[in-house]
2 protein chains.
Amino acid sequence: MTAQPKTITAAILVIGDEILSGRTKDQNIGYIAEYLTNIGIELREVRVVPDVEEEIVAAVNALRTRYGYVFTTGGIGPTHDDITAECVAKAFGVPIDVDERAVACLLTRMKREDLNEMRLRMCRIPQGADLIENPVSAAPGFKLGNVMVMAGVPRIMQAMLDKVAPTLDTGVKIIAETLEAPIPEGVYAAGLKEIAERFPSLSIGSYPSFGQGGPRNQIVLRGKDPVELAKASAEVSALVARLIEQRATN
Amino acid sequence: MTAQPKTITAAILVIGDEILSGRTKDQNIGYIAEYLTNIGIELREVRVVPDVEEEIVAAVNALRTRYGYVFTTGGIGPTHDDITAECVAKAFGVPIDVDERAVACLLTRMKREDLNEMRLRMCRIPQGADLIENPVSAAPGFKLGNVMVMAGVPRIMQAMLDKVAPTLDTGVKIIAETLEAPIPEGVYAAGLKEIAERFPSLSIGSYPSFGQGGPRNQIVLRGKDPVELAKASAEVSALVARLIEQRATN
């Protein structure tokens, strides 16, 4: 028996009325999902909640107790609707106050007399958190326990993710093969199911889409064991080739 | 005292490993969010879960008991990884079987001899559900109780949403005003908070972004009462104008 490969799980919590109203189209979920996959962290769930304290607190607690890491985006600016830091502190039951390390970050970009009461809100960091540097606009995010609190503006979030990622525990990277299947899903579904059943360690999915060239199906095989993946991919390729040939001769 | 405007709430449940792996970038959340806002339904939560039965069942039940409507996307194709219909039936505790109405839909596009076992999976509809027509590729979605089960392919999902939307109960439409604020958030945050406190029926948010022209802040006011909205917008506009002037003379 071989040792089970280490699995590190994660969830994303997107915070913001603007996403739920459709005004702002989220660009962070897909970015973080791909990023985590590439560093060997498995994203298992995403939630989007409004700027409402009890919703944020409940979601932070539901996700942080269930997954290895939680990545939040949004709600850490200076305005009254930015309540994420307070909510994360409440979720953990720790005090929150102006943090001198965060003040120092802001003072690299502005004079002390411009650090008004609302801007100081961006320096409120829950007790025990580590700062996540913000090279774009100075106001930091933070890491409290297994929760990474990041900005909602994609450029800032991405920079923060680059800063915090090297500090994270990662597992075996999931590798994926994508195969084109230029025949209808219903033609290969039975054969694909049979292959999927013989390779239980892999996740095999079929993804139809509509592009400029019309409908397109792709079969994606994902797993941690490159040998299993290669074997299954070869079987799927052979299945698709055989079915294409059959259709041509019918 | 005036009657409370009717509020219809909703949640979206995105089902699919491909979204969580980052392979496919979701295009449905933002589309449905904006669509619902425009017809007077308030989106309150979004979840993304993997193609795992217990996760889907738990999420369907958590959301359908809490919100007026639930819109699911993904997992209704013919392949083995398409398990949404089975899971929704299980969540509701109702039987699921091949539905002759759904078979009739598929027979508009294919011969009966091509309706193999896997394609018949797309005709499995929980007992008591109404079909949601799919004008793009025939295989229908369905509406069971307050849960709308739709395809994941954006073009198909959009067509299904157009079909089901007229059957839904809708509330008072939320209207929004967007104001440009060409000064830093920290400069107007205190004044904006004060206005927000005086207009508790409105949701007032401040949204920074980075475009090609550099950083940009927008203030969005949302609510159901056009008079309150107009009053608050005038105050925010005056606030921003005053602060721009102050900065110019300093």
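Q: Let's begin with B:Ala138: is it buried or exposed, or something in between?
A: B:Ala138 is partly exposed, because 17 other C-beta atoms lie within 10 Å. The rule is that a residue is buried if 20 or more other C-beta atoms lie within 10 Å of its own, exposed if 12 or fewer, and partly exposed in between, with C-beta atoms placed from the backbone.

Q: Where is B:Ala138 in chain B?
A: B:Ala138 is in the loop between β6 (130–132) and β7 (141–144) of chain B. Helices (H or I, at least four residues) and strands (E, at least two) are DSSP runs, numbered from the N terminus.

Q: What about its phi angle?
A: B:Ala138 has a positive phi of about 75 degrees, although it is not a glycine. Most residues other than glycine have a negative phi.

Q: And what is the phi of A:Ala138?
A: A:Ala138 also has a positive phi, about 75 degrees, and is not a glycine. In chain A, the loop between β6 (130–132) and β7 (141–144) holds A:Ala138. A:Ala138 counts as partly exposed because it has 17 C-beta neighbours inside 10 Å.

Q: Before we go on, where do these coordinates and numbers come from?
A: This is a predicted model, in which local features need pLDDT of at least 70 and side-chain atom pairs count only at pLDDT 80 or more, while totals for chains, interfaces and linings use all residues. Residues are numbered from 1 along each chain as its sequence is written, and chains are lettered from A and ligands numbered from 1 in the order in which they are written.

Q: What confidence does chain A get?
A: The mean pLDDT of chain A is 95, and 98% of its residues reach 70 or more. pLDDT is the predictor's confidence in each residue, from 0 to 100. The model scores ipTM 0.94 and pTM 0.95.

Q: OK, new topic: how many helices and strands are in chain A?
A: Chain A has 9 helices and 11 strands. Its domain assignment gives domain 1 (9–167) and domain 2 (175–249), with bounds that come from an automatic or database domain assignment. The C-alpha centres of these two domains lie 38 Å apart.

Q: What radius of gyration does chain A have?
A: Chain A has 23 Å, whereas a compact globule of 250 residues would have a radius of gyration near 18 Å. The radius is taken over C-alpha atoms, and the globule rule is 2.2 Å times the number of residues to the power 0.38. Along the principal axes, the C-alpha atoms of chain A fill a box of roughly 80 × 45 × 30 Å.

Q: How much of chain A is buried?
A: Buried residues make up 46% of the 250 residues in chain A.

Q: Which residues touch the most other members of the largest nonpolar core?
A: A:Val70 and B:Val70 do, in a core of 106 residues. A nonpolar core is a set of buried Ala, Val, Leu, Ile, Met, Phe, Trp, Tyr and Cys residues joined through C-beta atoms within 7 Å. Not counting residues up to four places away in sequence, A:Val70 touches residues including A:Leu13, A:Val60 and A:Met148. Two residues are in contact if their C-beta atoms, placed from the backbone, lie within 7 Å.

Q: And how do the two chains meet?
A: 52 residues of chain B are in contact with 52 residues of chain A. β10(B) gives the most to the side of chain B that touches chain A, with 8 residues. The residues of that side divide into 22 nonpolar, 14 polar and 16 charged. Here Ala, Val, Leu, Ile, Met, Phe, Trp, Tyr, Cys and Pro count as nonpolar, Asp, Glu, Lys and Arg as charged, and the others, Gly among them, as polar.

Q: Where is B:Glu45, and what is it in contact with?
A: B:Glu45 is in strand β2 of chain B. Leaving aside neighbours within four places in sequence, its contacts include A:Arg47, A:Val48 and B:Tyr67. B:Glu45 is buried because it has 21 other C-beta atoms within 10 Å.

Q: Last one: why does A:Leu192 count as buried?
A: Because A:Leu192 has 26 C-beta neighbours inside 10 Å. A:Leu192 lies in helix α8 (residues 185–198) of chain A. A:Leu192 and A:Val236 are 44 residues apart in sequence and 6.9 Å apart in space, C-alpha to C-alpha.
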